Every structure is written in structure tokens, then in C-alpha cells.
Amino acid sequence: MASPTNRALERYKSAITAATSVVGAAMLLRRLVAGVLPAGTPPLVGALLLLPPPSARRHAVVIEEFDGAFYNRVFLAVRAYVSTLLAAAPTGAPPVVKASLPRGAGAGAEQIRLAMGPGTAVVDVFRGAELTWRLRSHGHGGGAGEAFRLSFDGQHRDLALGAYLPFVMARFEAMARDRRQAKLYSNEWGKWRSVRLRNASTFATLAMDAALRQDVLDDLGRFLGQKEYYERTGWAWKRGYLIHGPPGTGKSSLVAAMSNHLHFDVYDLDLGAVRSNTELRKLLIRMKSRSILLIEDVDCASVTAQSREADASNPAPKHQKVTLSGLLSMVDGLWSSSGHERILVFTTNHMDRLDPALIRPGRMDKRIHMGYCGFGAFKELAAIYHGVDAHRLFPEIEALLREVDVAPAELAEKLLATDDADAALETAAKLLRDREAGIEEDGGGYVKQKLHVGPTRARPRPRPVPAPARGVSAARQVVFGEEIVLGISRRQGHGSGRRGAGQGGSGMRGLGRGRR
Ligand SMILES: Nc1ncnc2c1ncn2[C@@H]1O[C@H](COP(=O)(O)OP(=O)(O)OP(=O)(O)O)[C@@H](O)[C@H]1O
């Protein structure tokens with residue numbers, strides 16, 4: 001008579017024979033063993049038999065290229081993310097067969113998109129879990145296009161869906177933000193008109209005191225990281241900077257550098273062109289989040305703006321002031337109820353002429369002084385424009401810069417006049433010698449560049465190549481398991497002089513348009 005153990009073995013024998021995959025057989029064998037071994041047998045026995053525990057079953061998520069008629073944003077995010085994994089992969093693994101430059105992307109190496117070929121896989125390690133990406137050329141379920149398949153151990157299902165995919169999406173959003181070209185808006189007839197912000201100024205190309213530069217960068221970083229603080233307190237998530245200094249010291253360039261650093265759009269508000277408070281309110285409401293509201297030459301801005309709001313029943317005064325303090329109250333009120341991550345920047349050449357309401361303690365969060373060119377800043381200009389770190393003229397220039405006031409813009413103009421570094425430095429030294437001797441050149445000063453143009457031939461120092469974010473290993477065997485199709489549609493989607501002689505005037509002024 002057959003024993004219970006023999007009967008159990010017979011029952012499972014046929015099933016094992018029918019199993020087509022090694023894994024299927026392994027699963028059945030595990031169940032078989034569980035059936036014949038006495039209860040309470042330690043899991044070590046299973047391990048010794050090389051059988052996977054139930055949690056090790058592979059799960060998979062399929063991410064198709066299209067979600068109906070629309071591109072699937074998750075697919076786009078994964079494609080960009082996988083490209084970064086491939087770029088960071090150690091030499092020799094995995095074989096990369098495709099490299100492309102997305103439409104509209106610049107020609108920089110960081111813009112090239114890498115894609116794995118069919119039959120290869122890339123394994124990402126996230127919080128200790130291994131997640132494998134594969135690319136299939138046909139959509140899942142008969143759909144067209146490509147599809148990514150993400151597979152992982154069953155025990156990591158919650159991690160993969162609840163943390164890893166949101167992380168991939170967040171990385172994609174951050175990459176998109178970094179690539180995004182900021183816009184420069186200016187107000188005309190009560191509406192914002194935009195152009196691409198082409199000003200190439202960055203914190204690396206701006207010659208300024210190193211400690212000040214770091215201070216500004218730290219301040220911006222702190223501001224961006226304070227979301228919870230602003231949400232908790234209910235205060236408007238904004239930061240106000242008052243940038244002051246003589247003409248041509250880089251105030252506007254600093255705003256461009258902030259914009260390029262944060263990828264924030266700049267709204268260059270010409271207060272003189274605002275016809276009424278209602279219009280101002282509308283302009284402020286129409287500003288997007290993650291933006292900079294810039295009011296240049298604010299010492300001249302608190303002038304009257306003609307009101308056109310008068311009507312028979314409500315005769316308004318002929319000239320209704322759009323004052324800075326009115327603007328600030330409006331900003332406080334509107335920005336605390338809508339939008340976030342906004343920066344307000346005022347620039348001025350004349351601190352002494354400012355509306356007292358503006359310089360009252362606590363009004364603007366931070367004052368930044370952009371001063372005349374010191375030798376440190378000059379050396380930065382020479383390095384940026386000509387790659388020169390040392391030169392026989394440096395000692396003379398250092399001594400002259402201690403004696404005369406000269407704006408970085410004036411020196412930048414001399415340094416940009418020629419590609420020959422020796423000749424450029426000689427021209428800059430001549431400007432300083434002449435200024436010390438009281439000789440003013442004809443048409444002296446600098447020509448103001450518009451924000452959307454910026455320095456034409458700046459040569460930024462090469463940026464360090466970022467280290468790979470995480471370890472990526474070679475292709476691995478993937479065991480088949482459950483599949484989930486995931487898609488989020490777009491709709492669901494989530495003048496100058498000797499030192500101390502006072503501030504000189506410059507030629508054209510204004511940012512983004514020719515003003516005054
Ligand atoms: N600190 C600087 N570092 C590098 N380049 C500078 C600097 N300051 C000025 N420049 C050069 O001079 C040009 C004019 O500078 P910018 O418009 O930023 O000065 P500003 O202080 O805003 O002048 P203004 O008060 O006349 O508006 C810039 O486009 C840039 O090429």
C-alpha cells in the first residue's frame with residue numbers, strides 16, 4: 001500500500017513534467033517539498049535545495065510608449081532615466097546600441113540620449129533592491145511603439161511602485177527643469193510678452209567676490225528648500241533681493257545668473273508702463289510660479305502711472321500712483337494665496353534715492369552690493385574671457401585697481417575687444433592708466449547689454465563632470481512573473497573716476513528693453 005508520502009510524490013510528478021519553465025518547476029518542487037517535509041522544517045532546508053522563497057517571484061511593470069493617443073509620460077521619464085543609467089554604467093556593460101540627440105536639444109554631450117538594445121537589460125539598485133529594465137520594441141497588449149518592462153522580486157513590489165517609480169518621475173522632472181530654457185517676460189499694454197532668455201551669465205561667468213557669490217548661492221538654496229516652512233507658516237513662499245551698486249557692476253547679470261541657476265523665468269516689470277493698480281494686479285496674478293519678478297532702477301520707478309480706470313460713477317484721480325509700497329503689499333497679498341517659489345528683485349544705482357518704505361528693515365530679505373572691480377574680480381574676468389591665470393601685467397593692474405574706480409562692464413568690454421589675450425590685457429591696463437591720469441576716452445563707459453543678449457564671447461570654465469549617481473551592473477537573467485500595465489496620460493499628469501570720486505554714469509540702461 002502506498003504511503004502518504006509516495007501518494008504526494010505521484011500527484012506532483014505529472015505536474016512537474018508539464019511545467020515548461022525552470023522557475024515553474026522550481027515553484028512546484030518547493031510546494032512538493034513543503035507537502036512532504038514535516039511542519040516546522042527550518043527554511044534553511046529550502047535554501048539548501050536552491051528553491052526560491054515565495055517572495056522571490058518576479059513581478060513586472062510594463063510601461064508603454066503610448067497611452068491611447070498620447071505619449072505616456074511615465075515612458076518618457078523612464079527613457080530619460082535609463083539613459084542616465086547607461087551613461088553611468090561601468091565600461092563594457094551593458095552594450096549600448098543607440099545614441100540620439102532629442103529634437104530641440106543643444107549639441108552638448110550631456111544632451112545625448114542613450115538607449116539599450118533589444119535583448120539587453122540594465123539593473124538599477126535602489127535602497128538595496130535590484131530593479132531590472134528591459135526595452136521591448138512592440139507595445140504590450142497589441143499596442144504600437146516600444147515598452148519598458150521593469151521587473152523586481154515580489155518582496156520589493158511596494159518599494160518599486162511606491163518609491164522607485166515616483167523617484168524616477170521626480171528625476172525626470174528635475175532633468176526637464178535643468179534643460180529648460182528660461183524666458184524673459186516684459187509688460188506691454190497690460191500683457192506679458194516673452195522671449196527666450198539668452199543671457200549666458202552664470203555664477204561661474206560673473207566676476208564677483210567669492211564669499212558674496214557663495215552667500216547668494218547658499219541663500220537661494222535655503223530658500224528653495226523651505227517649502228515646508230512656508231506651508232506651515234502660511235507665508236508667501238517668496239524672497240526679496242535688493243541689488244545695488246554703480247552702473248556696469250553686474251546687477252542685471254546677477255539676475256540672469258540667478259535665473260540660469262534656478263531655471264526660473266524672469267518677469268521684467270516696467271512699472272512706468274503700468275496704467276493702474278488693477279492692471280498691476282492682473283500682471284502679478286498672471287505670473288507663473290518658479291519665477292523672478294524684476295524691477296530695475298527702482299530709484300526711478302516710484303513715479304506716477306496714469307490711471308485709465310476712471311468712469312462716470314467712480315471718478316479716479318487723473319494720476320493714480322502705482323507706488324512701490326503698494327506693489328509690495330499687493331505682492332504679499334497675492335503671492336501668499338497663489339503660486340510659490342517666487343523671487344522679487346529690485347536693482348538700483350542709488351541706494352540714497354530709494355523710497356524709505358523699501359529700505360525699511362524687513363522689507364527686502366537681502367541686500368547685495370555689486371561694487372567696482374577689484375583685482376580678484378579682474379583675474380576672474382581674465383580667466384573667463386581669455387583663460388589667463390597669470391600675466392606680466394597683473395602686478396601693474398592690481399596696483400591701478402587699488403587707485404581707480406572701474407566697473408567690471410568696462411573692463412569686460414576691453415577684454416572682449418580682441419581674441420589676443422596680451423593685446424586685450426594691454427587695452428584693459430591702458431584704460432586703468434588713463435583713468436588714473438584723469439584722461440577720459442571718447443565715448444567712454446560701456447554699452448549696456450540687454451538681458452536676453454548677455455556677454456557674447458564669455459568662455460565659462462569647464463564644469464566638473466558629475467559622478468555617477470548609483471551603481472549599475474550588467475544585464476541579468478530575468479525570471480517571469482506578474483505584470484502590471486502602468487500609464488499616466490498627459491491630461492491626468494500630474495562712468496567712473498578715481499577711487500572715491502563718486503559714481504559715474506553709463507550709456508544705455510535697463511534690462512530686456514532700452515529704457516531711459
Ligand atoms: N561682475 C561682472 N562679471 C562679468 N561681467 C560683467 C560684470 N559686470 C558687468 N559685466 C559685463 O557688463 C555687461 C553689463 O553689465 P550689467 O548690465 O549686468 O551691469 P548693471 O550693474 O546691471 O548695469 P546698470 O546699472 O547700468 O544696469 C554685462 O553684460 C557683462 O558682460
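Which residues in α14 meet which residues in α15? Before you select anything, note that this is a predicted model, where local features need pLDDT of at least 70, side-chain atom pairs count only at pLDDT 80 or more, and totals for chains, interfaces and linings use all residues. Numbering starts from 1 along each chain as its sequence is written.

**Stop 1: α14 and α15.** Select 408–415 for α14 and 421–436 for α15. Helices here are DSSP runs of H or I with at least four residues, strands are runs of E with at least two, and both are numbered from the N terminus. On the α14 side you'll find E410, L411, K414 and L415, and they meet A424, T427, A428 and L431 of α15; contact means C-beta atoms, placed from the backbone, within 7 Å. By class that contact has 5 nonpolar, 1 polar and 2 charged residues (nonpolar is Ala, Val, Leu, Ile, Met, Phe, Trp, Tyr, Cys and Pro; charged is Asp, Glu, Lys and Arg; the others, Gly among them, are polar). The two helices pack at about 145°, axes 8 Å apart; axes are lines fitted to C-alpha atoms over the stretch in contact, with angles from 0 to 180 degrees between N-to-C directions.

Stop 2: Keep α14 and select 375–386, which is α12. This pair packs at about 30°, with axes 10 Å apart. From α12 come A377, F378, L381, A382, Y385 and H386, meeting P408, L411, A412 and L415 in α14. The contact divides into 9 nonpolar, 1 polar and no charged residues.

**Stop 3: α4.** Now jump to 73–88, a helix of 16 residues. From first C-alpha to last α4 reaches 23 Å, close to the expected 22 Å (1.5 Å times one less than the number of residues). Colour R73, V74, F75, A77, V78, Y81, V82, S83, T84, L85 and L86: they're buried, with 20 or more other C-beta atoms within 10 Å of their own, C-beta atoms being placed from the backbone (12 or fewer is exposed, in between partly exposed).

**Stop 4: α4 against α5.** V74, A77, V78, A80 and Y81 of α4 touch V168, M169, R171, F172 and M175 of α5. That contact has 9 nonpolar, no polar and 1 charged residues.

**Zoom out.** The protein has 15 helices and 21 strands, and buried residues make up 30% of its 516 residues.

Conventions:
Contact = placed C-beta atoms within 7 Å.
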